[in-house]
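Subject: Structure for your review

Dear colleague,

Please find below the structure that I am handing over to you, with its sequence.

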Amino acid sequence: MFTNVSTLRRMSINSRPNFYDVLISGGGMIGSSMALALGKSPLFTDRKIALVEAGPKKVRKNDSEQYSNRVSAINPSSKRLFHELGVWKRFRRYQTVKDMRVWGSYTADTINYAQGSDSDDDIAYIIENDEIVDAVMEELNGCSNVDVFYKSNLNKVDMGPKSVNVQINSEQSCECKLLIGADGANSQVRKIMDTNYLSYGYDQTAIVATLNIMEKQNNTAWQRFLPTGPIALLPLNSTTCSLVWSTSHDEAKVLLSLTPHGFVDAINNAFNSKPVEDGTVTFLKNLLPSFSSHPKFLNECPQVIREIESSRAAFPLGFGHATNYVKPNVALIGDSAHRVHPLAGQGVNLGFRDVENLTKSLSQGLQSGRELSEYAILKQYEQLSQRANLPIMIAIDLIYRVYTSNIGLVRALGSLGIHLTETVAPIKMTMRQVASS
Ligand SMILES: Cc1cc2nc3c(=O)[nH]c(=O)nc-3n(C[C@H](O)[C@H](O)[C@H](O)COP(=O)(O)OP(=O)(O)OC[C@H]3O[C@@H](n4cnc5c(N)ncnc54)[C@H](O)[C@@H]3O)c2cc1C
């Protein structure tokens with residue numbers, strides 16, 4: 001049998017050996033949540049599900065351990081999913097974001113999401129990626145219809161007309177009705193599916209790190225659009241923040257080579273430096289009197305960074321979208337289907353929406369007596385998810401292009417966008433809803 005089976009299949013499930021109704025490749029945040037959503041569904045009680053993860057089983061951190069430098073801003077929709085799946089109660093540490101401040105390089109105008117909003121709703125929750133996977137896997141232990149295989153890779157995949165045959169770790173074959181690819185941006189399942197994949201690099205690297213800050217109430221997320229890309233601070237607790245600094249590959253190399261002290265100075269400077277003089281922005285300001293009549297200055301500086309707590313890590317950034325999320329007997333979810341710039345903190349949230357949509361489509365199919373792998377059911381999932389994902393992906397790409405543009409007028413429009421968002425209440429409300437839905 002495969003290596004490291006973490007859960008014993010319930011003996012009452014009487015079926016063919018090495019057969020699974022659903023096999024999920026990739027046990028990251030999205031694949032593990034998909035396994036849990038199906039594992040907990042009453043419609044899947046007598047179905048067999050396999051979760052195949054290339055990496056090893058991780059030991060859960062204890063509360064006092066240093067924060068990981070990989071965190072995600074989780075939006076309230078994803079929180080609802082975690083509640084439904086019984087995962088939310090298992091999170092041992094996270095920080096609620098109540099406000100978000102966004103500003104650029106060319107003016108001090110700032111979008112202040114909490115100000116002027118009569119909504120008490122949380123904007124997001126900052127949670128370590130490992131904490132999410134650990135909590136999901138802990139809950140998954142209670143699902144006896146799910147087998148989890150660690151240190152396991154799909155080696156060979158044969159798509160048949162009614163099922164898929166897979167070989168795992170070159171030693172074991174099994175058959176499944178539905179293969180779900182949750183194996184990330186370089187998805188092997190997507191390659192096997194042979195679907196068109198629109199992708200391009202952003203010529204940017206994101207540097208992440210955990211930072212120690214001067215102690216204070218810390219439930220605001222800060223993001224500044226620098227000419228080379230956005231820098232963001234996400235709150236973790238009263239003395240800790242997570243950094244995501246997206247910049248050119250060259251500047252990233254320099255930042256990675258700085259001493260810890262030099263790196264901290266660079267971050268403080270990136271957040272606190274004065275607006276850059278720009279002829280086109282000034283021209284536009286003078287053209288539109290209202291643009292400068294109520295200047296919004298940053299009434300409070302972001303956290304003062306004291307030191308780096310973790311190592312720095314770097315990730316090349318890109319955009320990717322599979323034209324088809326499904327083919328007969330196969331479906332893609334999460335980053336295997338779509339990849340976005342982290343500037344809006346939406347990537348994994350889109351993936352959680354895929355989990356909801358695929359679970360819904362498969363459940364409706366089973367309820368109407370249809371086969372799990374039926375193409376029409378999978379197509380329904382694809383439509384639901386693409387309709388939800390594409391507008392958000394396009395908006396994120398556009399924001400990236402506006403704020404890193406070399407064209408003065410485009411840069412000026414970006415500054416105008418921040419000003420309008422702050423001053424025109426309906427735009428701000430819409431932006432807040434998008435950020436938190
Ligand atoms: C710097 C940065 C910051 C980000 N911040 C945010 C944020 O604040 N909010 C947000 O919503 N999103 C954010 N994202 C995006 C988010 O990290 C991704 O969308 C998310 O990790 C995708 O999860 P996934 O499970 O689909 O894929 P992955 O996290 O890539 O997981 C894929 C899993 O599949 C496994 N695997 C791969 N190949 C195989 C194989 N052949 N067989 C078996 N297993 C395999 C891997 O080991 C891994 O466990 C950020 C991304 C970056 C780079």
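I begin with the ligand. Of the 29 residues around the ligand, those that come nearest are Glu 53, Ala 73, Asp 335, Val 348 and Asn 349. Please bear in mind throughout that this is a predicted model.

A backbone N or O atom of Ala 73 lies 2.8 Å from one of the ligand's oxygen atoms. The side chain of Asn 349 has an N or O atom 3.0 Å from an oxygen atom of the ligand, while a polar side-chain atom of Asn 153 lies 3.2 Å from a ligand nitrogen atom. On its own the ligand has 1000 Å² of accessible area, and the protein covers 81% of it.

Because 11 of the 12 residues are buried, H1 is largely enclosed by the rest of the structure. Among the buried residues are Met 29, Ile 30, Met 34, Leu 36 and Leu 38.

Strand S3 belongs to an open sheet of 3 strands, in the order S3-S7-S4, with antiparallel pairing. The edge strands, S3 (71-74) and S4 (95-97), each pair on one side only. From one strand to the next, the twist averages 25°. Between S4 and strand S7 (residues 124-128) there are 3 bridges in the antiparallel sense, and Thr 96 stands opposite Tyr 125 in S7.

Of its 10 residues, 8 are buried, so S11 is largely enclosed by the rest of the structure. Its pairings are as follows:

- Strand S1 (residues 19-25) runs parallel to S11 and is joined to it by 6 bridges; Ile 24 has Ile 180 in S11 as its bridge partner.
- Strand S10 (residues 164-168) pairs with S11 in the antiparallel sense over 5 bridges, with Asn 165 opposite Glu 175. S10 and S11 form a hairpin with 3 residues between them, and Asn 169 in the turn has a positive phi of about 55°.
- Strand S19 (residues 330-332) runs parallel to S11 and is joined to it by 3 bridges; here Ile 180 has Ala 331 as its bridge partner.

Helix H6 (residues 260-272) has 13 residues, which should span 18 Å at 1.5 Å a residue; the end C-alpha atoms are 18 Å apart, which agrees. Buried residues in H6 include Phe 263, Val 264, Ile 267 and Phe 271.

Two individual residues may also be of interest to you. Arg 101 lies in strand S5 (residues 99-103). With a relative accessible area of 9%, Arg 101 is buried, and its side chain makes a polar contact of 2.8 Å with the side chain of Asp 99. Asn 406, by contrast, counts as exposed because its relative accessibility is 73%, over the 50% cut-off. Asn 406 lies in the loop between helix H10 (375-403) and helix H11 (408-423). Its C-alpha atom is separated by 9.9 Å from that of Thr 228, although the two residues are 178 residues apart along the chain.

With kind regards

Methods. Residues numbered from 1 in each chain as written. Predicted model: local features only at pLDDT ≥ 70, side-chain atom pairs only at ≥ 80, totals over all residues. Heavy atoms only, no water. Pairing = 2+ DSSP bridges. Helix = DSSP H or I, 4+ residues; strand = E, 2+ residues; numbered from the N terminus. Axes fitted to C-alpha atoms, helices over the stretch in contact; angles between N-to-C directions. Buried < 20%, exposed > 50% of the residue type's maximum accessible area, 1.4 Å probe, protein only. Near = heavy atom within 4 Å. Polar contact = N/O pair within 3.5 Å; in protein donor to acceptor, adjacent residues only side chain to side chain. Areas by Shrake-Rupley, 256 points an atom, 1.4 Å probe, with all protein chains shown as cover. Expected span 1.5 Å × (residues − 1).
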